[in-house]
Amino acid sequence: MTHHPLLSLSKEVAQALENNQPVVALESTIISHGMPYPKNVEMAKKTEQIIRDHGAIPATIAIIDGQFKIGLEEEDLERMATAKDVRKVSRRDLAEVFASKALGATTVATTMIGAHMAGIKVFVTGGIGGVHRGYEDHMDVSADLEELGQTPVTVVCAGAKAILDLPRTLEYLETKGVPVVGYQTDYLPAFYSSRSEHKLVSRADSPEEIASRMKISEALDLQAGTLIANPIPQEYEIPNEEIEKIIDQAIAEQDAAGVHGKDSTPFLLAKIVELTQGRSLETNIQLVYNNARLGAKIAVAYQK
Ligand code: PSU
Ligand code: MN
């Protein structure tokens, strides 16, 4: 589908896909709504470089001029990092944002849609969205989970964001038929920390093992994503007991400010950066780099 009228592939990405070279998709909400400037654009560029250094071609995805743009130029990255009017685009917003030609940042859900349309199998992010804490009151469940249940892309993350209800997020993914694979771990990593107390049922120890499961999932035509949960290196983590108090405070401030819906995740991430005096931002950046290294290796193994 690389010639679809609503897709615009960079020359490099188009060529790589044509030649069956490894390509790794990257999202843009993490740039526009997940981190402050200029750290966001530094992170975006370095993540792309890490993917190149590990033998794959990076394809950052955004919605520009009514198309999925797959493979951004440096000036596009700068624009996503600085523009004030960038929409955070989930599945429900796609048709509207394409039609109005607004500038759109893709979430995990919509990056998966764009990647799949372009034929990209592997996508690297920080942490996926999930079931929010207090679900019984507001029913906030990220569209990322539904997308993982229906779009066959392998998503490399550092676990679900620790601001979420992790056991419910795992239950939801089980219902949707999404394998959650611990990379060299038996426990779900919790974004800022390298492990939670939640045991996983699936584990893989090499990129080759993951690539072979991706091929079987395709051969069975399962039409579901695979989630690779890659723990942040311990030297960069914020231990659970430390971050938990901060998350509780951030959620209390969110509720007091009346923030909900799509603004919840960006608000909480920014609040935690503030409450940790920037430490959580450094952690978030390092976990993305770690995921980029693994994602590139999986893409390379898949094409072998
Ligand atoms: N990972 C990060 N930072 C982020 C995100 C992921 O390290 O900001 C974004 C992704 O785009 C993800 C979104 O899809 O957070 C979740 O938003 P929501 O909870 O509204 O679905
Ligand atoms: Mn939500």
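**View 1. Asp-144 and the residues around it.** Setting aside neighbours within four places in sequence, Asp-144 in this predicted model makes contact (heavy atoms within 4.5 Å) with Thr-107, Val-108, Ala-109, Ile-128 and Gly-129. Asp-144 sits in helix H8, residues 143-148; helices here are DSSP runs of H or I, at least four residues, and strands are E runs of at least two, numbered from the N terminus. With a relative accessible area of 7%, Asp-144 is buried, the term for under 20% with a 1.4 Å probe, protein chains only.

**View 2. Val-108 in helix H6.** Helix H6 covers residues 108-118 and includes Val-108. Not counting residues up to four places away in sequence, Val-108 touches Glu-27, Phe-123, Thr-125, Ile-128 and Asp-144.

**View 3. The annotated binding site.** An unreviewed UniProt entry gives "binding site" for Lys-88, Val-108, Ser-142, Ala-143 and Asp-144; such annotations may be inferred rather than shown by experiment. These residues span 57 residues in sequence, but no two of their C-alpha atoms are more than 13.0 Å apart, so they gather at one spot.

**View 4. The loop with Leu-222.** Look for Leu-222 in the loop between helix H10 (207-219) and strand E11 (226-229).

**Notes for all views.** Residues are numbered from 1 along each chain as its sequence is written, and chains are lettered from A and ligands numbered from 1 in the order in which they are written. Local features need pLDDT of at least 70, side-chain atom pairs count only at pLDDT 80 or more, totals for chains, interfaces and linings use all residues, and side-chain values use heavy atoms, leaving out hydrogens and water.

Note on methods: Buried means under 20% relative accessible area, exposed over 50%, partly exposed in between (1.4 Å probe, protein chains only).
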